[in-house]
Amino acid sequence: MRKRSKSEEKLFLALEESVDKLGLDLVDLQFAPAGKKTRLTIYLDKRGGVNIDELGEASQILDPLVEELGYTGHDYFTLSSPGLDRPLITDKDFSRHQGEKLLFKFYQKQEGEKSWEAILMDFDQDTFKLKYQNAEHNMPRQAVAQVKQIIEF
């Protein structure tokens with residue numbers, strides 16, 4: 001995801017605890033033009049995804065909190081799931097999907113492949129521990145260009 005502005009980052013940090021209390025993860029937020037007006041969109045997620053009722057409950061709490069914190073320069077306030085096909089970026093993203101098969105795309109080929117469908121076993125700030133083709137691999141995070149969920153229907 002894109003880099004947040006200083007104002008967005010300050011609001012993100014201020015809202016994170018309230019979102020955590022709801023059992024959700026604050027993924028991102030963004031002030032963006034909506035025609036001649038401004039929209040504040042807050043992206044929430046959790047393991048297994050969020051539903052409309054959870055977004056409604058979060059809206060009841062976060063909308064007044066945003067105003068109380070002095071962020072009143074927007075015309076529209078929306079909450080959303082970040083979407084199934086978005087890249088996973090943060091440690092919270094990786095924690096939420098630990099133990100799942102994910103798509104790892106690499107900058108350079110690894111074992112002759114540019115991408116792997118591998119299970120994320122564990123991770124730290126430098127390394128992903130992956131299970132790929134029944135073997136465990138320690139993959140440097142700097143070798144990984146992108147990580148996404150595998151969507152199966």
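**Figure 1. Pairing of strands β4 and β8.** Strand β4, residues 101–110, is joined to β8 by five bridges in the antiparallel sense; two strands count as paired if DSSP finds at least two bridges between them. Phenylalanine 104 has valine 147 of β8 opposite. The model is predicted, with local features requiring pLDDT of at least 70 and side-chain atom pairs counted only at pLDDT 80 or more, whereas totals for chains, interfaces and linings use all residues. Residues are numbered from 1 along each chain as its sequence is written, and side-chain values use heavy atoms, leaving out hydrogens and water.

**Figure 2. The open sheet of five strands.** The strand order is β7-β6-β5-β4-β8, with antiparallel pairing. At the edges stand β7 (135–140) and β8 (144–149), each of which pairs on one side only. On average, neighbouring strands of this sheet are turned by 45 degrees against each other, direction ignored; the axes are lines fitted to C-alpha atoms, and angles run from 0 to 180 degrees between N-to-C directions.

**Figure 3. The β6–β7 hairpin.** Six bridges link β6 (residues 127–132) to β7 in the antiparallel sense. Phenylalanine 128 has methionine 139 in β7 as its bridge partner. Two residues lie between the strands of this hairpin, and glutamine 133 in the turn has a positive phi of about 50 degrees.

Figure 4. Histidine 74 lies in the loop between α2 (52–68) and β3 (76–80). Its relative accessible area is 12%, so histidine 74 is classed as buried; buried means under 20% relative accessible area, exposed over 50%, and partly exposed in between, with a 1.4 Å probe and protein chains only. Apart from neighbours within four places in sequence, histidine 74 is in contact with Phe31, Thr38, Leu40 and Val66, where contact means heavy atoms within 4.5 Å.

**Figure 5. The protein chain as the setting of these views.** Three helices and eight strands are present in the protein chain, arranged from the N terminus as α-β-β-α-β-α-β-β-β-β-β. Helices (H or I, at least four residues) and strands (E, at least two) are DSSP runs, numbered from the N terminus. Along the principal axes, the C-alpha atoms fill a box of roughly 50 × 30 × 30 Å. Of the 153 residues in the protein chain, 34% are buried. Among contacts between residues at least 6 apart in sequence, 48% join residues at least 24 apart.
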